[in-house]
Amino acid sequence: MTKLLISDIDGTLIRQGKVALDRQKLENFRKSNTFVLCTGRNYDSFHHFMQKYAFDTFDYAILSNGLC
């Protein structure tokens, strides 16, 4: 059975200025499941987040305007 994990960014994935989840565990989860980021951020803010934290460990993103 495939599982779906959805996470907010601010206050959930990012805490105290750093990524709070173990990236290797996320990668292992993604081998047979789906990890989605869901945030109220717009595309530019989300893109800045990805660059700042070098974070690309997700399958899909749902942004404030529904585009990714």
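## Salt bridges in the model

The count of salt bridges comes to 3, where a salt bridge is a side-chain nitrogen of Lys or Arg within 4 Å of a carboxyl oxygen of Asp or Glu. The structure is a predicted model, in which local features need pLDDT of at least 70, side-chain atom pairs count only at pLDDT 80 or more, and totals for chains, interfaces and linings use all residues. Residues are numbered from 1 along each chain as its sequence is written, and side-chain values use heavy atoms, with hydrogens and water left out.

## The pair Arg41 and Asp10

A salt bridge joins the side chains of Arg41 and Asp10, with an N to O distance of 2.6 Å. Arg41 lies in the loop between E4 and helix H2 (43-53), and Asp10 in the loop between E1 and strand E2 (14-15), so this pair ties together parts that are 31 residues apart in sequence. Helices (H or I, at least four residues) and strands (E, at least two) are DSSP runs, numbered from the N terminus.

Arg41 is buried, at 17% relative accessibility, whereas Asp10 is partly exposed, at 41%. Buried means under 20% relative accessible area, exposed over 50%, and partly exposed in between (1.4 Å probe, protein chains only).

In the salt bridge between Glu27 and Arg30, the closest N and O atoms are 3.1 Å apart. Both residues lie in helix H1, 3 residues apart, which is about one turn of the helix. Glu27 is partly exposed at 31% relative accessibility, and Arg30 is partly exposed at 21%.

Arg30 also meets Asp59 in a salt bridge (3.0 Å, N to O). This pair links distant parts of the chain, 29 residues apart: Asp59 is in the loop between H2 and E5, and Arg30 is in helix H1. Asp59 is partly exposed, with a relative accessible area of 29%. Through shared partners, salt bridges join Glu27, Arg30 and Asp59 into one network.

Strands of a sheet pair through backbone hydrogen bonds, either parallel or antiparallel. Here, an open sheet of 3 strands has the order E1-E4-E5 with parallel pairing; two strands pair if DSSP finds at least two bridges between them. Strands E1 (4-7) and E5 (60-62) stand at the edges, each with a single partner strand, so one side of each is left without a neighbour in the sheet.

Strand E4 (residues 34-38) pairs with E5 in the parallel sense over 3 bridges. Val36 stands opposite Tyr60 in E5. Helix H1 (residues 23-30) packs on the sheet and touches E1 and E4, contact meaning heavy atoms within 4.5 Å.

Notes: Axes are lines fitted to C-alpha atoms, for helices over the stretch in contact, and angles run from 0 to 180 degrees between N-to-C directions.
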